[in-house]
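Reader: Could you walk me through how to read pockets, cores and helix faces in a protein model?
Author: Gladly, let's look at it together.

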Amino acid sequence: AFQENEIKLLTAEIDRLKNFGCLGISPSLEGLRDENAKLKYRLNFLQKSLQEERSKTAKSMININSRLQEIFGAAIRAAYPDLENPPLVVTPSQQPKFGDYQCNSAMGITQILLKTKEQKVSPREIAEKITKNIPANECIEKVEIAGPGFINVHLRKDFVSKQLSSLLINGVQPPSVGKRKKVVVDFSSPNIAKEMHVGHLRSTIIGESMCRLFEFAGYDVLRLNHLGDWGTQFGMLIAHLQDKFPDYLTVSPPIGDLQAFYKESKRRFDTEEEFKKRAYQCVVLLQSKNPDFIKAWELICDVSRKEFQKIYNCLDITLIERGESFYHEMMKDIVKEFEDKGFVQVDDGRKIVFVPGFPVPLTIMKSDGGYTYDTSDLAALKHRLCEEKADILIYVVDSGQSVHLQTVFAAGQMIGWYDPKVTRVAHAAFGVVLGEDKKKFKTRSGDTVRLIDLLEEGLKRAMDKLKDKERDKVVLTEEELKAAQTSVAFGCIKYADLSHNRLNDYVFSFDKMLDDRGNTAAYLLYAFTRIRAIARLANIDEQMLRKAAREEVLILDHEKEWKLGKCILRFPEILQKILEDLLLHTLCDYLYELATTFTEFYDNCYCVEKDRQSGQIVKVNMWRLLLCEATATVMAKGFDILGIKPVQRM
């Protein structure tokens, strides 16, 4: 609407300039021509971008819930024009007898009229007034008022059929989200010289999936790995490196086990006073950018990076490394900025900042002049807001860091780096991973579970499961078996995490996640391969399906066809909800519902009819095969957002 309005204004301005030219006002004719050219260029650009936006919107999947909210919002405004911000509640119906969707706004409006205008009007009367004001639209077949004032909405079959055809022709398109925004997601964030453990699993999996969702929705996403790659621990690591590999500057040190190397240096730091002094000197020399010490630091970081990358490759994770060291040079300016604005207090030599509403202050400089995690987190926040120009900033960090992050965010707001009404800064917190004993997930010896060990165990168990079902003997080639193993192993680990509300702790159990019954990746992956196989076994290829999508009308006369068609089209509203609340288990619940709804459809509606004696195909119900294809297409996109790779044969 804004672009259309600007086009009208620009067109009028060009006409005005033409009139000036006709009047023969010569002194500034060149200037007028230049201005005219600029306006024409701007007009051309706007018309082009408006055309692109319309084309994109035409292909976008319609969020039916949002469309109904627009319709009922207009009806409520027409019925009650004096009401400010009346409640607008539209939800999918839980039972077919209540229609397809329900508008439950009448009860809320009753309360508002009673409180603000002292008018006692029954919800049913309000519902009747709303329904009389529903504008002409393309999607509602009829409405019914039920009970005290619920408005049951029945969708038009031709509308649903048309949306399904659009999905089949254009593919799964993201819902329209308006202006393209910049999103920065901070996730994974292991520490250099320490191995990734099960505690890093959730941040890595959840963060990757959030990035995929925002990217699919058309946002510009920056995926950041805030590595712990700077600090006092590097002093002891470098001192130990000098002792163990004195020629490290010329010969690359063969550090095989960095975890053991870290433990050795920590033991020496805790027990050898002379070593401890040298470690502190190494920190000073590293921070003063001494080339030899920078080289030692880089060597240690490189060993860690290689180990991290093995895990990222297994889980198909993409990240840009931007550790604490990246922000080191910015920290002195952060301290100065807080000092200049009068927010700094000195406490026993430390420089601290109290943030209103938070009892524990941020320490932005230690008494020895060193910086802290608080300083680096403030520097990272400012860089992401002011340099990267993030519109949305998401930290995928465990719940234990909640108070710290909220304090940092509030400090950024206090100093004027961002306005929460304009920029969204969110902590996507998550609970811990528990063992089957409901305690923190540990090895039998009580150590933290190494992530690489966990992934290897997953591969082994997935192969055992496939062999138990004798997939290796009669069904799959060796290559297909390997692909299925990887798909099941890593898919199940990811799905087990993502299918739980991230705010809660969850129990890690290979037995449960590899079960091919219930809401698991194993079940969904098997369901997906079965759906994909239906057309293949009927000798219908992709080209034939594409042709049918353009020519066939999807008949939705059977109740199970209708139920499946509506379920498929709920995908955009599911994604929209997750973009708002960042709770990915909603997508997992939806995919499970879609798979079970498909099973109901397939059990009741013949897609391919065969002769009972010969087994020969006698009839292919193409519109039903198209429903199979639409289901699989949506499932494939859902898997992609979750970071799960399905296979064609399992």
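**Pockets, cores and a helix face**

Author: Let's start with a pocket: α3, β4, α21 (559-568), α22 (571-581) and α23 (585-604) each supply at least two residues of the lining of the second largest pocket. Helices (H or I, at least four residues) and strands (E, at least two) are DSSP runs, numbered from the N terminus. This is a predicted model, where local features need pLDDT of at least 70 and side-chain atom pairs count only at pLDDT 80 or more, while totals for chains, interfaces and linings use all residues. Residues are numbered from 1 along each chain as its sequence is written, and side-chain values use heavy atoms, leaving out hydrogens and water.

Reader: Which element gives the largest share of the lining of the second largest pocket?
Author: That is α21, with six residues. On a 1 Å grid over the protein atoms alone, a pocket is an open set of points where a 1.4 Å probe fits, with protein on both sides within 12 Å along at least five of seven lines; lining residues have an atom within 4 Å of a point. Of the 32 lining residues here, P92, S93, D100, R570 and E593 are the closest to the centre.

Reader: And which residues are the closest to the centre of the largest pocket?
Author: Among its 44 lining residues, they are S189, N191, H197, H200 and D398. Helix α7 (198-216) gives the most to this lining, five residues.

Reader: How do I read a nonpolar core?
Author: In soluble globular proteins, nonpolar side chains tend to be buried together. A nonpolar core is a set of buried Ala, Val, Leu, Ile, Met, Phe, Trp, Tyr and Cys residues joined through side-chain atoms within 4.5 Å; buried means under 20% relative accessible area (1.4 Å probe, protein chains only). The largest core here has 170 residues, of which L68, L201, F508 and L587 touch the most other members. A second, separate core of 31 residues includes V184, V355, A380 and A410.

Reader: Which residues of helix α5 are buried?
Author: In α5 (residues 123-132), they are P123, I126, A127, I130 and T131. Down the axis of α5, these buried residues fall within an arc of 135 degrees, so they line one face of the helix; the arc is that of the directions from the helix axis to the C-beta atoms. They pack against α3 (64-79), α4 (106-116), β3 (140-146) and β4 (150-155), where contact means heavy atoms within 4.5 Å.

Methods. Buried < 20%, exposed > 50% of the residue type's maximum accessible area, 1.4 Å probe, protein only.
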